[in-house]
Amino acid sequence: MGRACWLALGSLLALGALLEGRLLGEGDAGFGECNRFFYAETPPAGLAAEGHVKICQRSEGAERFATLYSTRDRIPVYSAFRAPRPAPAGAAPRWLVEPQIDDPNSSLEEVTHEADAITTVDNLGSKQALNTDYLGSDYQRGQLYPFSLSSDVHTAIFTLTNAAPMSPTFQERWYMNLNSLMDRALTPQCGSGDDLYVITGAVPSDIRVKDKVTVPKFVWLAACCAVPGGGWAMGFVKHTRDGDVIEDVMVKDLEKLLPFNPQLFHNNCGETEQDTEKMKKILEMVNQVQDEERLVQSKESTGPVPSARSQRSTQLPPEASEEGSSFSRKLLGFIAAPFVKLFQLICYLVVGILKNTVYLLWYVTKQVINGIESCLYHLGSATVSYFLAIGEELASIPWKVLKVIVKIIRAILRILCCLLKVFEHQGCRDKHYIGSPL
């Protein structure tokens with residue numbers, strides 16, 4: 001084994017020892033030592049719910065950021081951090097898990113490699129996402145607190161409790177938005193940035209990766225600048241739909257978009273003392289960021305776009321930058337792009353033809369079924385009417401027979417009456433003849 005391999009192995013083992021994550025119990029107030037990442041050391045009110053786990057993310061013995069994690073959706077509800085600094089070069093992604101989320105009695109470190117935990121942790125992955133959940137899917141592990149905003153190599157941002165499923169395109173634009181906003185809009189308007197409190201979160205959708213990990217409906221960012229006499233608060237929303245540009249919103253409007261209508265910052269980040277002039281400058285830079293994103297979207301299909309972003313704005317997580325680092329791959333991708341587009345067009349046409357054919361067959365089948373149903377309905381109605389008519393006739397026969405019998409009896413009675421009258425008249429005549437002299 002070469003020297004480089006031993007160094008890589010040593011770095012891997014060192015990372016596992018340096019990374020820590022403290023899970024806070026339900027009885028613990030706030031996030032413990034990580035309360036300092038929240039304005040006035042007060043976490044958002046109203047977002048904690050059943051199935052949410054509070055994590056104080058640590059590395060090298062120091063707190064790095066705080067995460068509220070949903071064990072139901074297996075994605076973070078939010079991550080909170082302060083004073084983002086440029087990321088150092090050379091960090092490699094080593095995604096870690098929290099054994100105590102699935103097994104509170106686990107004796108492993110609170111942050112460890114999935115391979116080390118899979119044989120010793122009961123029900124690993126029952127309440128959190130694993131690396132295997134992303135394999136073979138169309139999604140990548142998108143960080144809410146991105147690697148590009150971190151200041152140390154051995155950072156806890158590579159824990160899966162800080163990641164949510166994102167498509168490669170959306171992930172790249174999300175990082176670009178965050179970096180541009182931090183570099184050009186938020187940090188410059190908050191002194192040195194030491195008083196800047198940032199919360200990034202994800203709102204779950206109905207889509208799940210492998211029926212386990214929930215894909216965000218949209219991601220959001222809330223920033224609070226606590227500079228005395230010159231503070232401000234701003235919110236941002238980015239939907240995962242293709243073509244959507246990051247939107248700026250007031251923090252109160254952002255809170256209305258989130259589940260449970262929470263309060264993100266204590267006392268609304270001192271709203272009575274906020275500096276409106278700084279907020280106007282922030283919005284001017286935000287408009288530039290939005291225009292640049294629209295430009296990127298409009299020129300995606302034509303080729304590489306000259307970037308007006310800052311140097312840190314283009315920095316992606318290592319797994320994404322490594323994929324695009326090969327010049328030969330870029331060249332092959334450029335050459336193959338027209339053929340790929342042609343193949344996609346043919347696929348769209350074939351799918352469209354098949355789709356319309358299925359619709360036509362369905363329409364014809366539906367009309368035939370409706371015709372058969374109509375014929376059966378009319379046949380059934382005629383049959384019922386016929387039997388009803390026969391039934392009425394059969395029911396009237398006894399009544400008609402009874403009427404005939406009554407008429408016969410009346411005729412007989414009339415005949416009898418006539419005979420009686422004749423006999424009475426004849427008897428009277430006989431008595432008259434007998435009583436008269438000869």
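Which residue forms a salt bridge with lysine 238, and how far apart are the closest N and O atoms?

A: Glutamate 293 is the partner of lysine 238, and the closest N and O atoms of this salt bridge are 2.4 Å apart. The term salt bridge covers a side-chain nitrogen of Lys or Arg within 4 Å of a carboxyl oxygen of Asp or Glu. The pair links distant parts of the chain: glutamate 293 sits in helix H7, lysine 238 in strand S11, and 55 residues separate them. Helices (H or I, at least four residues) and strands (E, at least two) are DSSP runs, numbered from the N terminus. Both glutamate 293 and lysine 238 are buried. Here, buried is under 20% relative accessible area, exposed is over 50%, and partly exposed is in between (1.4 Å probe, protein chains only).

A word on the model. It is predicted, with local features needing pLDDT of at least 70 and side-chain atom pairs counting only at pLDDT 80 or more, while totals for chains, interfaces and linings use all residues. Residues are numbered from 1 along each chain as its sequence is written, and side-chain values use heavy atoms, leaving out hydrogens and water.

Now look at the space beside this pair. The structure holds 1 cavity of 30 Å³ or more. A cavity is a set of points, on a 1 Å grid over the protein atoms alone, where a 1.4 Å probe fits but cannot get out; lining residues have an atom within 4 Å of a point. The largest cavity has a volume of about 60 Å³. That volume is the space filled by probe spheres set on the points, with grid points joined across faces, edges and corners. Lys238 and Glu293 are both in its lining, along with Thr169, Phe170, Arg173, His239, Thr240, Arg241, Asp242, Gly243, Asp244 and Gln297. Helix H4 (168–186), strand S11 (232–239) and helix H7 (276–298) are the elements that give two or more residues to this lining. H4 supplies the largest share, 3 residues. By class, the lining has 1 nonpolar, 5 polar and 6 charged residues. Ala, Val, Leu, Ile, Met, Phe, Trp, Tyr, Cys and Pro count as nonpolar, Asp, Glu, Lys and Arg as charged, and the others, Gly among them, as polar.

Step back to the other salt bridges. A search of the whole structure finds 9. Arg72, Asp73 and Arg208 are linked in a network of them. Arginine 72 meets aspartate 73 at 3.4 Å, N to O. Arginine 208 meets aspartate 73 at 3.6 Å, N to O. This second pair links distant parts of the chain: arginine 208 in strand S9, and aspartate 73 in the loop between strand S3 (62–70) and strand S4 (75–82), 135 residues apart. Aspartate 73 is buried, at 6%. Arginine 208 is partly exposed, at 33%. Arginine 72 is exposed, at 56%.

Next come the disulfides. There are 3 in the structure, each a pair of cysteine sulfur atoms within 2.5 Å. One joins cysteine 190 to cysteine 225, with 2.1 Å from S to S. Its link is right-handed, with 95 degrees about the S-S bond. Cysteine 190 lies in the loop between H4 and strand S9 (196–209) and cysteine 225 in strand S10 (residues 213–225), so the pair ties together parts that are 35 residues apart in sequence.

Cysteine 224 and cysteine 269 have their sulfur atoms 1.9 Å apart. Cysteine 224 is in strand S10 and cysteine 269 in helix H6 (residues 267–270), 45 residues apart. Cysteine 224 is buried at 0%, and cysteine 269 is buried at 4%.

Cysteine 34 and cysteine 56 also form a disulfide, with sulfur atoms 1.9 Å apart. Cysteine 34 lies in the loop between strand S1 (19–24) and strand S2 (52–59), and cysteine 56 in strand S2, so the bond ties parts that are 22 residues apart in sequence. In sequence order, the bonded cysteines pair as 1-2, 3-5, 4-6.

Two cysteines make a contrast. The sulfur of cysteine 417 is 6.9 Å from the closest cysteine sulfur, in cysteine 418, too far for a bond. Cysteine 418 is in no disulfide. Cysteine 417 is partly exposed at 44%, and cysteine 418 is partly exposed at 48%.

Definitions and conventions
On a 1 Å grid over the protein atoms alone, a cavity is a set of points where a 1.4 Å probe fits but cannot get out, and a pocket is an open set with protein on both sides within 12 Å along at least five of seven lines; lining residues have an atom within 4 Å of a point.
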